[in-house]
Amino acid sequence: MNMNRPRIDFTYRLSLILLLVIVLVAIFIFPVSAEPLQIPDINVQIGDGSGDNPQNLSTALQLIILLTVLALAPAILIMLTSFIRIIVVMGFIRTSLATQQMPPNQVLIGLALFLTFFVMAPTFQQVNNQALQPYLKGEINQETAFKKGMQPIREFMFKQTREKDLALFVKMSEMKRPRNFDDIPNYVLIPSFVISELKTAFQIGFVIFVPFLVIDMVVASALMSMGMMMLPPMMISLPFKILLFVLVDGWNLVIQSLVLSFK
C-alpha cells in the first residue's frame with residue numbers, strides 16, 4: 001500500500017495540472033473566438049494630407065532634420081569641440097591623485113561640458129550669426145547654412161590639428177594633394193583633429209603625473225627604509241597628494257592651462 005501511495009499522488013497532481021490548463025485555455029480562448037479583438041486604426045500624418053501645399057513637406061523635413069541633429073548632438077559636441085582634451089586631462093588628474101571615484105564621473109563630465117561651452121562660445125556665436133539666424137529668417141537655404149555653420153568649426157579644428165596628423169589622413173584617403181584648407185573634407189579633418197587632441201591631452205597628463213609620481217617614490221622609499229613593507233605606500237601618499245594639490249590650487253592651475261591651450 002505504501003508503494004502505491006506515491007503513484008496515487010503523482011496521478012492526482014497530474015490531473016490537477018491538466019485541469020488548470022484546460023480552465024486557462026477556456027478563459028483566454030473562448031472569449032477571443034466569440035468576440036475578436038478589435039485593433040484600433042492608428043494613423044500618423046504630418047500636414048493635411050492633400051499634398052498640394054509644399055510648405056507641409058518642408059515642415060516635415062525640417063522636423064526630421066531637427067530630430068536627427070538632436071540625436072547626433074552628443075557625438076558632435078564630443079568630436080568637434082574641446083571636450084576631448086578637457087575630459088581626458090581631468091581623467092588623468094583623478095588617476096594621478098588615486099582618489100578612486102572622487103570627483104565622481106558626473107562632476108567631471110559636467111565641468112568638462114561647461115568648460116567646452118566656455119571655450120567654444122566665440123565659435124558657436126559665429127555659427128549662430130552666420131548660419132542659424134539667416135536660415136531661420138529664410139535668407140539662406142539648408143545647404144548654404146550648413147556650409148557657413150561648419151566654417152567657424154573647421155577653423156577651430158584646423159588651429160588645434162597638427163600638420164602631421166592631417167597629412168596622415170590625407171595620405172590614407174588617397175586624395176589629391178590639397179592646395180589649401182578648403183580642399184580638405186570634413187571626413188579627413190575630424191579624425192585628424194581627434195588624434196591631435198588626444199596627443200595634446202596625454203602630454204598635459206604626463207606633466208600632471210610627474211609631481212605625484214615623485215611623492216609616491218619618496219613615500220615608498222621611506223616605508224622601505226623603516227621596514228614597513230606590508231603597509232601600502234598608496235595609503236600613505238594619498239593625503240600628501242591631496243595636500244599638495246590643494247596648496248598649489250591645482251584646479252585653478254589645470255583649468256587655466258586647459259583654457260589657454262586653445263588660444
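Lys241 touches Ser96, Leu97, Ala98, Phe212, Ile215, Asp216 and Met234, leaving aside residues up to four places away in sequence; contact means heavy atoms within 4.5 Å. The model is predicted: local features need pLDDT of at least 70, side-chain atom pairs count only at pLDDT 80 or more, and totals for chains, interfaces and linings use all residues. Residues are numbered from 1 along each chain as its sequence is written, and side-chain values use heavy atoms, with hydrogens and water left out.

**Overall make-up**

- The protein has nine helices and zero strands. Helices (H or I, at least four residues) and strands (E, at least two) are DSSP runs, numbered from the N terminus.
- Of its 263 residues, 27% count as buried. Buried means under 20% relative accessible area, exposed over 50%, and partly exposed in between (1.4 Å probe, protein chains only).
- Among contacts with a separation of 6 or more, 69% come from residues 24 or more positions apart.

**Lys241**

- Lys241 sits in helix α8 (residues 233-247).
- Lys241 counts as buried because its relative accessibility is 2%.
- A polar atom of the Lys241 side chain lies 3.2 Å from the backbone oxygen of Ser96.

**Salt bridges**

- The structure holds two salt bridges. The term means a side-chain nitrogen of Lys or Arg within 4 Å of a carboxyl oxygen of Asp or Glu.
- One joins the side chains of Glu197 and Arg85, at 2.5 Å from N to O. This pair links distant parts of the chain: Glu197 is in helix α7 (residues 186-225) and Arg85 in helix α3 (residues 83-97), 112 residues apart.
- Glu197 and Arg85 are both buried.
- Arg179 pairs with Asp183, with the closest N and O atoms 3.5 Å apart.
- Arg179 is exposed, at 77% relative accessible area. Asp183 counts as partly exposed, at 31% relative accessibility.

**Helices α4 and α5**

- The axes of α4 (residues 105-136) and α5 (residues 142-160) come within 8 Å and cross at roughly 165°. That makes α4 roughly antiparallel to α5.
- Axes are lines fitted to C-alpha atoms, for helices over the stretch in contact, with angles from 0 to 180 degrees between N-to-C directions. Angles under 35 degrees count as roughly parallel, over 145 as roughly antiparallel, 65 to 115 as roughly perpendicular, and the rest as oblique.
- Residues that meet across this pair include Val119, Met120 and Thr123 in α4, and Gln142, Ala145 and Lys148 in α5.

Methods
Polar contact = N/O pair within 3.5 Å; in protein donor to acceptor, adjacent residues only side chain to side chain.
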